[in-house]
Amino acid sequence: MSQGPFPSALKDQLEHVLKTTTLAKQSAGIAVKHPNDEGTSEASRAEVTATATSTSVTSIDEIKKALESGAQKISTECTKLALLFSKPPLPSSDECGAVTSEIESAVTFLAATYSLLSPSSHGMTLKTEFQHAAERVLGGLNMLVSALLRNGSSSSSSLQGTGSVWESCTAMSKVSKDNISAALKVFINQLHLLRDVQSQVDEVVSNNGCSALEDDLEEEDDLEEKDDEKTTATQWSPEEKYFVQPSLRLLKITLDVTEILSRLIVTKGNPEDLDEILKIDTMVTNVKKLSPLADDLAEEIEAPVDRKECEENAVKLGRCLLEFIKSSSACHFCTAAGEKWSGQDLEKRVTELVEIVQSHSTVV
């Protein structure tokens, strides 16, 4: 049975939700402003600013609770909206408008509360995590409203859209409690990536320069006849094996340093130290650079070794690792760690390894 044409009043109300969401995101800095929105963003920015000014929350605990409350309000109102459109007939403009008005208020509140987060007071790493969570919430809302505009009364689109909102709003409650915890999440993620790289490297070393993946790609019936050729073509020569040793040690130190600092963050990190908040954000910026560089270097140590590429990638990783060590050594929890952290010794070891790589590339 046809539900008839989509009333313009309902369309205008739903489209206004999308517009409000977009402008609220831009005004709060949750998303980059589109050039075409110049003329309409000022009013939204003023509304978000006014809501933020009237909000009494200041501590990170209060802000986190307020953001969770805002996300939950959006989830609740989206469920109501989906139910209105779950089956024919379409709701009246009064019914729809009552719900969309509540959604828009919740969106403005969420954006205003997010704008209270300060990188200098609460940490950029934590703010970024909240940003991603807020993007998911508002993105889920947009998916639901867009689906309703396309399909009108449809139980399947309503259910799918509502599920997306629920999932994204639940993610808001899982955001870290402070910048130290947010940084630890990043470090743990990087540790997983670096351990994967090290596992691949260990495999290559155990096969004398040959990746096991190469073996898996060979057909079983081709193994015998290609065995001799494969051995000479894909295993390290004595010179290559000598050449990659400092790169192997550099990769291992990268993993070791990241593991040590992850433990220090857990045991020594102080989320109330404003100076440390800024320094740990620098650490996070640097640690995220390590795994891609380590992965690039790991690829170059496989036989046959391109010595120029291997040297360049080792130098890049070494320089990044030095920057990481230096920025970490400035943190209080590293200086207070005593024998558990020796930044100067680590810097010396990394510098020596980089120099050895460069000297090997000219001598070997």
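Reader: What makes the lining of the largest pocket divide into nonpolar, polar and charged residues?

Author: The lining divides into four nonpolar, four polar and four charged residues. Ala, Val, Leu, Ile, Met, Phe, Trp, Tyr, Cys and Pro count as nonpolar, Asp, Glu, Lys and Arg as charged, and the others, Gly among them, as polar. Among the lining residues are Met 124, Thr 125, Glu 129 and Lys 185. This is a predicted model, where local features need pLDDT of at least 70 and side-chain atom pairs count only at pLDDT 80 or more, while totals for chains, interfaces and linings use all residues. Residues are numbered from 1 along each chain as its sequence is written, and side-chain values use heavy atoms, with hydrogens and water left out.

Reader: Which elements give two or more residues to that lining?

Author: They are α6 (124-151), α8 (179-206) and α12 (274-300), and α6 gives the most, with five residues. These helices are DSSP runs of H or I with at least four residues, numbered from the N terminus.

Reader: Why is one space called a pocket and another a cavity?

Author: On a 1 Å grid over the protein atoms alone, a cavity is a set of points where a 1.4 Å probe fits but cannot get out, whereas a pocket is an open set with protein on both sides within 12 Å along at least five of seven lines; a lining residue has an atom within 4 Å of a point. The largest pocket has a volume of about 260 Å³, and the largest cavity about 40 Å³. A volume here is the space filled by probe spheres set on the points, which are joined across faces, edges and corners. Leu 194, Gln 198 and Ala 294 are among the residues lining the largest cavity.

Reader: How do you know that α13 spans what is expected of a helix?

Author: The expected span is 1.5 Å times one less than the number of residues. Helix α13 (residues 307-329) has 23 residues, and its 32 Å from first C-alpha to last is close to the 33 Å expected.

Reader: Where are the cis peptide bonds, and what is omega there?

Author: One joins Pro 88 and Pro 89, with omega about 0°; another runs from Ala 303 to Pro 304, with omega near -5°. Pro 89 sits in the loop between α3 (60-84) and α4 (93-114), and Pro 304 in the loop between α12 and α13.
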